[in-house]
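Please look through the structure below.

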Amino acid sequence: MAQKGKAGPRLENAVKEIIQIFVDHANGDGKLSKEELKNLFDKEIECAEAKAKICAGDCDKIMRLMDKNRNKEIEFKEYLRAVAFIAKGCYQKKTGRDQEDDD
Ligand SMILES: [Ca+2]
Ligand SMILES: [Ca+2]
């Protein structure tokens, strides 16, 4: 099981990647506008199922769901919630396990 080699600290790398994606798409102001958010989903998500789930209907709806403080932009904190949501969905798909807790 233990795979040695160039894998590196995977969790750390994954976290850095998540941050980098946000930074890349935020365009320097630390916030995602609706357009930037749409772009992010378009470019960084491939799984059609996840995409359909997220982008089903209009982006306005997603925006409203993600934008907890209602300033019409997605801050990093709000982005993280969405990532957690996506991660949960992927985990369920991978393991077939349904999480009972739903906060
Ligand atoms: Ca921005
Ligand atoms: Ca916000």
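A crossing of two helices is left-handed if the near helix is turned anticlockwise from the far one by less than a right angle, and right-handed if clockwise. Helices (H or I, at least four residues) and strands (E, at least two) are DSSP runs, numbered from the N terminus. This is a predicted model, in which local features need pLDDT of at least 70 and side-chain atom pairs count only at pLDDT 80 or more, while totals for chains, interfaces and linings use all residues. Residues are numbered from 1 along each chain as its sequence is written.

By that definition, α1 passes α2 in a right-handed crossing. The axes of α1 and α2 (residues 34-44) come within 9 Å and cross at roughly 130 degrees; axes are lines fitted to C-alpha atoms, for helices over the stretch in contact, and angles run from 0 to 180 degrees between N-to-C directions. α1 is therefore oblique to α2, a word for angles that are not under 35 degrees (roughly parallel), over 145 (roughly antiparallel) or 65 to 115 (roughly perpendicular).

In the contact (C-beta atoms, placed from the backbone, within 7 Å), I21, H25 and A26 of α1 meet E36, N39, L40 and E44 of α2.

Most residues other than glycine have a negative phi. N27, in the loop between α1 (10-26) and β1 (31-32), has a positive phi near 65 degrees. R70, in the loop between α4 (59-66) and β2 (74-75), has a positive phi near 55 degrees.

Methods: Chains are lettered from A and ligands numbered from 1 in the order in which they are written. Two residues are in contact if their C-beta atoms, placed from the backbone, lie within 7 Å.
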